[in-house]
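Open the structure in your viewer and keep the selection tool at hand.

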Amino acid sequence: MSGKSNIENEAFAEKNGLAGIDLLRFLLAVIILIYHFPHFDNIHFSNLDGVNLKDLLSGQKDEVLLLNLPFKSSLSIVYQYGDFAVRIFWMISGVIFFLVYLDHIKTNALSFSKFIYLRFSRLYPLHILTLVLIAVLQYIYFQKFGDYFIYKNNDTVHFMLNIFMINYWNAQFGYSFNGPFWSVSVEIFVYIVFYFFAKTTNPNIKYTLWLTAISFAFYYLGILSPFNECLLYFFAGCFIAENIRGFKRKQIFVLTFILMLFLLLKYIPSLSGLADTGTVNSYLLLNFSGCVVGTFIYLFRNSRERRAKSFRIIGNITYAVYMIHIPLQIILILLFYTNGRSFYMNNIFFSSYLLINITAGYLLFRYVENPSKKYLRSSGKF
């Protein structure tokens, strides 16, 4: 890819070309909120300790009758598979980083230290705030219930791993404190890989396609775990970004056609033996993610400024929404657990939970995340 082409892509990103990405980021954050809602259905209310939620929802255990999640019939797929939203987040990061940072890195306008500082100023303040908050909340929770809430590794070692944002650089570390931060921790490693990819190669369709293929092989073979899956989706996002200005309905149709073809290979009994199930599954999920990201880019690529601004606002709050929802869950349980399970397992509380999280995310972004980022960037040596 020439420098001119990438500058044009960056201009595309700045001129509302990524309005659909902002909307998608927000929707994915809401999906994560819904996916984690069953945390309220814990042992203090339902006596379902040790029962796998996916088994319950799929009816593979008799205890399914005890589980009555709000809007279960319409949101069952989200309750079961909503964690896949994290992979699409990784793909979106690849799109954004390729468009915004690539040319600056290639032309030496963005040093490695400045690149890291930009990421630090964006992620670290809110991470530290929620880390300290959840450490206090987990202590209170443990004093009341004799156990930690969901994420059990809340000791000094794991606290230090979280301080340095490497809390999931080894899967054996396990989830700790603000558990969902694991995905950000993994992605930080991929940021570093991306920088040196942009710095030491001449990124174009051939290079990015090869890197995506290598990442696919790493993911499928379990090489470089737990970073391999993030690498795959991130560089698949980079590949999408290379073609972003020319993304047309025909390309989305081709992606969708390939997706349907692999679905046939997987689910039609007479054809399912034609391809290895693991490979088909991996490609299905990757292709599905590409279809989702590509469709949102295509549908909203010419958004008017007013709509794009609205999408930008809700897109900007996604990190805060993602980081605050576990602390809020603990607070809501500490406040209302004496009211029993029925207090949580109803449509009114479910809707309130979403509204409270989104509102808290907006307030955190406006009064903590964004001001701290601006302060660090204005007062730093960069």
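Two residues are in contact when heavy atoms of theirs lie within 4.5 Å of each other. This tour uses the word in that sense, and the model it walks through is predicted.

**Stop 1: helix 5 against helix 11.** Select residues 85–100, which are helix 5, and residues 228–242, which are helix 11. From helix 5, Arg87, Trp90, Met91, Ser93, Gly94, Val95, Phe97, Phe98 and Leu99 take part in the contact. On the side of helix 11 they meet Glu229, Cys230, Tyr233, Phe234, Ala236, Gly237, Cys238, Ile240, Ala241 and Glu242. The two axes come within 7 Å and cross at roughly 45°. Helix 5 is therefore oblique to helix 11. The crossing of helix 5 past helix 11 is right-handed.

**Stop 2: the whole chain.** Clear the selection and colour by secondary structure. How many helices and strands are there in the chain? The chain has 16 helices and 0 strands. It has 382 residues, and 51% of them count as buried. Take the contacts between residues at least 6 apart in sequence: 77% of these join residues at least 24 apart. The accessible surface comes to about 18,300 Å², and carbon and sulfur atoms hold 63% of that.

**Stop 3: the nonpolar core.** Select Phe37, Phe40, Phe115, Phe194 and Val293. These are the residues with the most contacts inside the largest nonpolar core, which has 102 residues. Which helix gives the most to this core? Helix 15, residues 318–336, does, with 12 residues.

Now centre on Phe194. Leaving out residues up to four places away in sequence, Phe194 touches Phe97, Phe98, Tyr101, Leu102, Ile105, Phe115, Phe234, Phe235 and Cys238. Phe97 and Phe98 were met at the first stop in helix 5, as were Phe234 and Cys238 in helix 11.

**Stop 4: the neighbours of helix 15.** Arg25, Phe26, Ala29, Ile32 and Leu33 of helix 2 make the contact with Thr318, Val321, Tyr322 and His325 of helix 15.

Technical notes. Residues numbered from 1 in each chain as written. Predicted model: local features only at pLDDT ≥ 70, side-chain atom pairs only at ≥ 80, totals over all residues. Heavy atoms only, no water. Core = buried A, V, L, I, M, F, W, Y, C linked by side-chain atoms within 4.5 Å. Buried < 20%, exposed > 50% of the residue type's maximum accessible area, 1.4 Å probe, protein only. Helix = DSSP H or I, 4+ residues; strand = E, 2+ residues; numbered from the N terminus. Areas by Shrake-Rupley, 256 points an atom, 1.4 Å probe, with all protein chains shown as cover. Axes fitted to C-alpha atoms, helices over the stretch in contact; angles between N-to-C directions. Parallel < 35°, antiparallel > 145°, perpendicular 65-115°, else oblique. Left-handed = near helix turned anticlockwise from the far one by under 90°.
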